[in-house]
Amino acid sequence: MMKHAWDSYRQYGWGHNELKPIAKKGHSTNIFGNSQMGATIVDALDSLYIMGLHDEFKDGQEWIEQNLDFSVNAEVSVFEVNIRFIGGLLAAYYLSGQEVFKVKAVQLAEKLLPAFNTPTGIPWAMVNLKSGVGRNWGWASAGSSILAEFGTLHMEFVHLTYLTGNPAYYQKVMHIRKLLAKMDRPNGLYPNYLNPRTGRWGQHHTSVGGLGDSFYEYLLKAWLMSDKTDAEARKTYDDAIEAIERHLIRKSNGGLTFIGEWKNGHLERKMGHLTCFAGGMFALGADGSPGDKAGHYLQLGAEIAHTCHESYDRTVLKLGPEAFKFDSGLEAVAVRQNEKYYILRPEVIETYWYMWRFTHDPKYRQWGWEAAQAIDKYCRVSGGFSGVKDVYSSNPTYDDVQQSFFLAETLKYLYLLFSSDELLPLESWVFNTEAHPLPVLHLGNVTLPGSQDHR
Ligand code: DMJ
């Protein structure tokens, strides 16, 4: 599947950000601005390396050496560019040892720094790589920045300071952490929106899916990547998860555990495909949780994995919808037409993989295999892999996009699910939110430059 996805992109979309596998041409979205930055190449590199596809890896490396240039007049998403490009380049560097990836990651990071020039130091969502001018998404509540965006920079930025000795990256992310720590949280929950001019929360909407998700993930992973020395990050994670469990996690009448969304004092009994990553997160965070609750969190991870598997199993294609409800007799099924699509997302398979690593229960490989077969049957076309618009229709139409995260995440997690635990052991590697593995930093007594002074 990786060969088909890569070869198709190589043939029809080379150098473009993504591929349109039906039209057989390049594709891009506003997260990459109007650039042609080869997002699929950068995002796929470490997967190619891990899978032993070394000729393809070399091809990608050559393109990067010769063509990847960040002095372009393009307004890009700071979050997306960080997790896909900086994360992808750093992982390629750590795995292969090739300097070019480190050099490119640092060049790009320099271009993102102007996004932090706001009255509060909370970065803009978007930045123009040439002019350095930043702004926020027009749709975000009251000009706000998004929790999952400004809260998903820590791993990559700490590695950048570690590799370059430049304190700026570390200081930027630690400043965000300090600022959040000082703020009141309604019911202990973090709203998804924060205004970077005023430092005030926007709409009180809390989610473990889109807009919130990887903020929580990076609190846990900040602790893991520090060789479990960053106690502040662990405590912040534990407190956040406790509030989430109290206010957002419920059991349906049919006995399925789900994570809903909090909107202005009301629990919406709806879960997104994106939220399904949390099963893996709970399992990953079980060891080290306070009050000897490791067993509880592993169990919670297993329950979320089960619910998300049900969301796949209750469809015609055996692929999960974008969002599903637990309301009025409905359980784990999408209701609205615009929630029935599957765009090659990884989160459910990601959770299967973490659960497999922690339990070795063969059902997780079984479920992963079901998903792989369904993707191969319904999403494979002659020009690559496409998302589908309705997982409840036996005759689905294609969305004609091969997302870069399909190669970075979905296929990587599947590959790891059927590999030995010796391949990228979780004691030594921490995966960023785009599935790019970065090594645990054993800093011992070494102090990162700038760690005494956060701004
Ligand atoms: C990926 O880019 C990352 O996993 C991100 O954290 C959330 N969404 C997509 C995949 O669905």
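Colleague: How do the residues lining the largest pocket divide into nonpolar, polar and charged?
Modeller: They divide into 15 nonpolar, 15 polar and 17 charged, where Asp, Glu, Lys and Arg count as charged, Ala, Val, Leu, Ile, Met, Phe, Trp, Tyr, Cys and Pro as nonpolar, and the others, Gly among them, as polar. This is a predicted model, in which local features need pLDDT of at least 70 and side-chain atom pairs pLDDT 80 or more, while totals for chains, interfaces and linings use all residues. Residues are numbered from 1 along each chain as its sequence is written, and side-chain values use heavy atoms, without hydrogens and water.

Colleague: What is the volume of that largest pocket?
Modeller: The volume is about 1300 Å³, and 47 residues line the pocket, with Gly210, Leu211, Leu274, Glu322 and Arg345 nearest its centre. (A pocket is an open set of points on a 1 Å grid over the protein atoms alone, where a 1.4 Å probe fits, with protein on both sides within 12 Å along at least five of seven lines; lining residues have an atom within 4 Å of a point.)

Colleague: Which helix gives the most to that lining?
Modeller: H4 does, with four residues, and helix H4 (78-96) also supplies at least two residues of the shell around the ligand, as does helix H15 (404-417).

Colleague: Switching topic, which side chains have an N or O atom 2.8 Å or 2.5 Å from a ligand oxygen?
Modeller: The side chain of Thr433 has one at 2.8 Å, and that of Glu434 has one at 2.5 Å. A polar side-chain atom of Glu347 lies 2.6 Å from a ligand oxygen.

Conventions
A polar contact is a pair of N or O atoms within 3.5 Å; within protein, one must be able to donate a hydrogen and the other to accept it, and residues adjacent in sequence count only if both atoms are side-chain atoms. Grid points are joined across faces, edges and corners, and a volume is the space filled by probe spheres set on the points.
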